[in-house]
Structure formats: C-alpha cells, structure tokens
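Please read the report below alongside the sequence and the coordinates.

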Amino acid sequence: MIDVVAGIIWKNDKILIARRSKNKHLPYKWEFPGGKIESGESAEKALERELKEELGIHTKTNDFFSNNIHQYEAITINLYAYNSIYLSGDITLIDHDQVEWVSTSKLLDYDFADADLPFVYKLVNL
Ligand SMILES: Nc1nc2c([nH]c(=O)n2[C@@H]2O[C@H](COP(=O)(O)OP(=O)(O)OP(=O)(O)O)[C@@H](O)[C@H]2O)c(=O)[nH]1
C-alpha cells in the first residue's frame with residue numbers, strides 16, 4: 001500500500017484543485033494536489049514539500065480532514081487529506097495541465113480521481 005497525502009488548499013473560501021497531465025497515472029483526472037509520503041517524513045511536511053515541488057507554492061498544513069484507502073487496478077493507496085493554507089508563490093504547472101480555485105459548491109462539476117470522491121462529498125456537505 002502506498003501512503004499519499006493530498007492538500008485541501010484554502011485561499012479565502014476557495015480550494016485549489018488540479019488536473020493530472022496526460023502522461024501521469026489517472027490522466028486528466030482532477031485531484032487535491034500532493035504526492036507520496038517518503039519514509040521518515042510526516043504527512044504534514046510531505047504535503048508542504050510536494051506542493052513546493054509540483055506547483056511552486058508555499059503552504060502551511062493544518063488539520064487532518066479524512067483518509068481513504070482505495071484500490072486501483074494496479075495499486076492500492078491510502079490517501080490522507082489535510083486542510084492546508086496557501087501562503088505564497090505563483091502556481092507553476094509541472095505534473096498538472098490545469099488548476100482552478102473553486103468553491104465547495106462547484107466541486108461536483110469536476111471529474112475527480114475515484115480515491116478523492118469521499119473527500120469531495122464531505123466538502124460539498126460542509
Ligand atoms: N497527489 C494526489 N495523488 C492522488 C490523488 N488521488 C489519487 O488517486 N492519487 C494517486 O496517488 C498516487 C500518488 O500520487 P502522485 O503521482 O501525485 O505522487 P508523486 O508525485 O509522489 O509520485 P511520482 O513522482 O512517482 O509521480 C498516484 O497514483 C495518484 O494517481 C490526489 O488527490 N492527490
């Protein structure tokens with residue numbers, strides 16, 4: 001099982017979502033950006049590192065939101081979602097081809113990775 005951390009990144013009352021590039025696992029699926037937790041690393045720090053590497057932004061990880069174990073055809077992931085605060089930096093697209101700042105009421109308009117759907121439903125009902 002692969003431990004992955006994803007950020008629900010808030011700026012005012014909007015969340016940053018990103019679409020995975022064509023050449024990635026789950027191409028064109030929307031996700032809460034993040035990545036694999038490295039050994040010896042906390043989920044909070046892994047998230048801050050991944051968001052700097054993948055999007056070029058500085059964030060502060062806040063509280064744990066939820067987790068979901070999901071089995072894809074080839075891999076099983078334990079996806080941990082944390083609320084996170086956008087601090088600074090212009091977004092650079094590296095692993096994604098689009099990003100959007102969206103309000104929770106609009107999340108269902110996007111085609112999210114299956115593992116993210118429980119988070120989407122929880123956020124829509126906040
Ligand atoms: N970051 C992220 N990954 C997710 C989400 N939902 C989801 O199923 N995943 C899956 O979790 C796995 C790890 O994500 P990733 O590809 O961003 O990780 P990474 O940057 O550390 O790895 P890489 O450098 O090998 O591509 C992928 O298989 C991805 O498809 C999500 O909301 N955020």
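## The shell around the ligand

Strand E4 gives the most to the shell around the ligand, with three residues. The model described here is a predicted one, and in it 16 residues surround the ligand, the closest being Glu31, Gly34, Gly35, Lys36 and Ala115. E1, E4 and E6 are the elements that each supply at least two residues of this shell.

Sorted by class, the residues around the ligand comprise ten that are nonpolar, three that are polar and three that are charged.

## Overall fold

The protein chain holds two helices and seven strands, and their order along the sequence is β-β-β-β-α-β-β-β-α. The C-alpha trace spans about 35 × 35 × 30 Å along its principal axes.

Of the 126 residues in the chain, 29% are buried. Among the contacts with a separation of 6 or more, 65% are between residues 24 or more positions apart.

## Strand E1 and its partners

Strand E1, which covers residues 2-11, pairs with E6, residues 76-88, in the parallel sense through nine bridges, and within this pairing Ile8 has Asn83 of E6 as its bridge partner. E1 also pairs with E4, residues 34-36, and here the two strands run antiparallel over three bridges, with Val4 standing opposite Lys36 of E4. Lys36 is also listed among the closest residues to the ligand.

A further antiparallel pairing, again of three bridges, joins E1 to E2, residues 14-20, and in it Trp10 is the bridge partner of Ile15 in E2. E1 and E2 form a hairpin with two residues between the strands, and Asn12 takes a positive phi near 55 degrees in that hairpin.

## The hairpin of E5 and E6

Strand E6 also pairs with E5, residues 58-71, and eleven bridges join these two antiparallel strands. His70 has Ile77 of E6 as its bridge partner, and the hairpin that joins E5 to E6 passes through four residues.

## The nonpolar core

The largest nonpolar core has 25 residues, of which Val5, Ile8 and Ala81 touch the most other members. The elements that give two or more residues to this core are E1, E2, helix H1 (43-55), E6 and helix H2 (117-124). Ile8, named here for its place in the core, is also the residue whose bridge partner in E6 is Asn83.

What does Val5 touch, not counting residues up to four places away in sequence? The residues in contact with Val5 on that count are Gly34, Ile37, Ala43, Ala46, Leu47, Tyr80 and Tyr82, and among them Gly34 is also one of the closest residues to the ligand.

With 7 other C-beta atoms within 10 Å, Asn12 is exposed. Tyr28 likewise has a positive phi, near 70 degrees, in a residue other than glycine, and its place is in the loop between E2 and strand E3 (30-31). Is Tyr28 buried or exposed? Tyr28 has 12 other C-beta atoms within 10 Å and is therefore exposed, given that a residue with 12 or fewer such neighbours counts as exposed.

Arg49 belongs to helix H1 and counts as partly exposed because it has 16 C-beta neighbours inside 10 Å. Arg49 and Ser84 are 35 residues apart in sequence, and their C-alpha atoms are 12 Å apart in space. Asn125, by contrast, has its place in the segment after H2 and is exposed, with 7 other C-beta atoms within 10 Å. Between Asn125 and His25 there are 100 residues of separation in sequence and 28 Å in space, C-alpha to C-alpha.

Key. Residues numbered from 1 in each chain as written. Predicted model: local features only at pLDDT ≥ 70, side-chain atom pairs only at ≥ 80, totals over all residues. Pairing = 2+ DSSP bridges. Buried ≥ 20, exposed ≤ 12 C-beta atoms within 10 Å, placed from the backbone. Contact = placed C-beta atoms within 7 Å. Core = buried A, V, L, I, M, F, W, Y, C linked by C-beta atoms within 7 Å. Near = placed C-beta within 6 Å. Nonpolar A, V, L, I, M, F, W, Y, C, P; charged D, E, K, R; others polar.
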